[in-house]
Amino acid sequence: MTNKQTDPNSQFSFALLARGFRKTCPKCGKGPLLTGYLKPQASCSACKEDFSHISADDGPAWLTLLIVGHAVVPLMLFFGRSDVVPLWLAILILAVVTLIGVYFILPRAKGIFIALIWLTGATGQNEFSDSPDLKD
Ligand SMILES: [Zn+2]
C-alpha cells in the first residue's frame, strides 16, 4: 500500500468512479478488480495494490436495488394502471428488466464501492477495538 496523502491519485474524482464502474483497479485503472462475476481480487495484477482488507458488504446490493428499483417501479405503476399489456406479459417484462438490470449493475456497483472504500480507507475494521484504553 502506498501513502495516500502524497499520492496525486488519492483524491476523489469521476475517473475513480469510472474505474470502479469498469471493474478495474482504482489506483492504476489497468488490472481487473474482480475475478469472475463478483469475487474481488486480493491485489491488483498490474500495480500490486492490496485489496484484501476491503469488503464492500451490502453496499453494492443497496446501490443496485436503488437504481433498478427506480426503473422497475414506474413500469409496475404503468402496467398496473393500464390494460394495454396483459398481466402475464407485464410480469415477464418486469422480471426480465429486473434480472438484466441487476446482472449489469451489481458488479459495477461493487467496483464503485471498492474504489470508494479504497480511497477513504473506510474498511469497517475498528483499529481501536483491541486498545485497553477503550475497555471498561
Ligand atoms: Zn492497479
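**Figure 1. K48 in the loop between strand 2 and helix 2.** In this predicted model, K48 is placed in the loop that runs between strand 2 and helix 2. The residue has a positive phi of about 70°, although it is not a glycine. With a relative accessibility of 60%, K48 counts as exposed, because the cut-off for that class is over 50%. The loop between strand 2 and helix 2 is also the place of D58, which counts as exposed at 62% relative accessibility. The C-alpha atom of D58 is separated by 9.8 Å from that of F113, a residue 55 residues apart from D58 along the chain.

Figure 2. The zinc ion has as its protein donors the SG atoms of C25, C28, C44 and C47, which lie 2.2 to 2.3 Å from the ion. Along the chain, these donors follow the spacing C-x2-C-x15-C-x2-C. The arrangement is tetrahedral because the angles that the four donor atoms subtend around the zinc ion are 108 to 115°. For comparison, the ideal angle for four tetrahedral donors at a metal is 109.5 degrees.

Figure 3. K23 is found in the loop between helix 1 and strand 1 and is partly exposed, with a relative accessible area of 27%. T24 lies in the loop between helix 1 and strand 1 and counts as buried, at 12% relative accessibility. When its neighbours within four places in sequence are left aside, T24 is in contact with R19, G29, K30, G31, P32 and L33.

**Figure 4. The buried residues of helix 1.** Helix 1 comprises residues 14-21, and its buried residues are L16, R19 and G20. Because they cover an arc of only 100° around the axis, these residues are on the same side of helix 1. The buried residues of helix 1 pack against helix 3. R19, one of these buried residues, is also among the residues in contact with T24.

**Figure 5. The largest nonpolar core and the surroundings of I54.** The largest nonpolar core has 23 residues, and those with the most contacts inside it are L16, L33, F51, I54, F79, I114 and W118. Helix 2 (59-81) and helix 3 (87-120) are the elements that give two or more residues to this core, and the largest share, ten residues, comes from helix 3. With its neighbours within four places in sequence left aside, I54 is in contact with I114, I117, W118 and T123; I114 and W118 are, like I54, among the residues with the most contacts inside the core. L16, another residue of that group, is one of the buried residues of helix 1.

**Figure 6. The stacked aromatic pair of Y37 and Y103.** The structure holds four aromatic pairs. One of these is formed by Y37 and Y103, whose rings are stacked, with 5.1 Å centre to centre and 15° between the planes. Y37 lies in the loop between strand 1 (34-35) and strand 2 (39-40), whereas Y103 lies in helix 3, so the pair ties together parts that are 66 residues apart in sequence. Y37 is partly exposed, with a relative accessible area of 33%, while Y103 counts as exposed at 58% relative accessibility.

**Figure 7. The protein chain as a whole, as context for the close-up views.** The secondary structure of the protein chain comes to three helices and two strands, and from the N terminus on these elements run in the order α-β-β-α-α. Of the 136 residues in the protein chain, buried residues make up 35%. Among the contacts in the protein chain with a separation of 6 or more, 56% are accounted for by residues 24 or more positions apart.

Technical notes. Residues are numbered from 1 along each chain as its sequence is written. This is a predicted model: local features need pLDDT of at least 70, side-chain atom pairs count only at pLDDT 80 or more; totals for chains, interfaces and linings use all residues. Side-chain values use heavy atoms; hydrogens and water are left out. Donors are N, O and S atoms within 2.8 Å of the metal (3.2 Å for Na, K and Ca); water is not among the atoms, so sites may look incomplete. Four donors count as tetrahedral if all angles lie between 85 and 135 degrees; four count as square planar and six as octahedral if opposite donors are over 155 degrees apart and all others between 65 and 115; anything else is irregular. A nonpolar core is a set of buried Ala, Val, Leu, Ile, Met, Phe, Trp, Tyr and Cys residues joined through side-chain atoms within 4.5 Å. Buried means under 20% relative accessible area, exposed over 50%, partly exposed in between (1.4 Å probe, protein chains only). Helices (H or I, at least four residues) and strands (E, at least two) are DSSP runs, numbered from the N terminus. Contact means heavy atoms within 4.5 Å. The arc is that of the directions from the helix axis to the C-beta atoms. Rings of Phe, Tyr and Trp (its six-membered ring) pair if their centres lie within 6.5 Å; planes under 30 degrees apart count as stacked, over 60 as edge-to-face and the rest as tilted.
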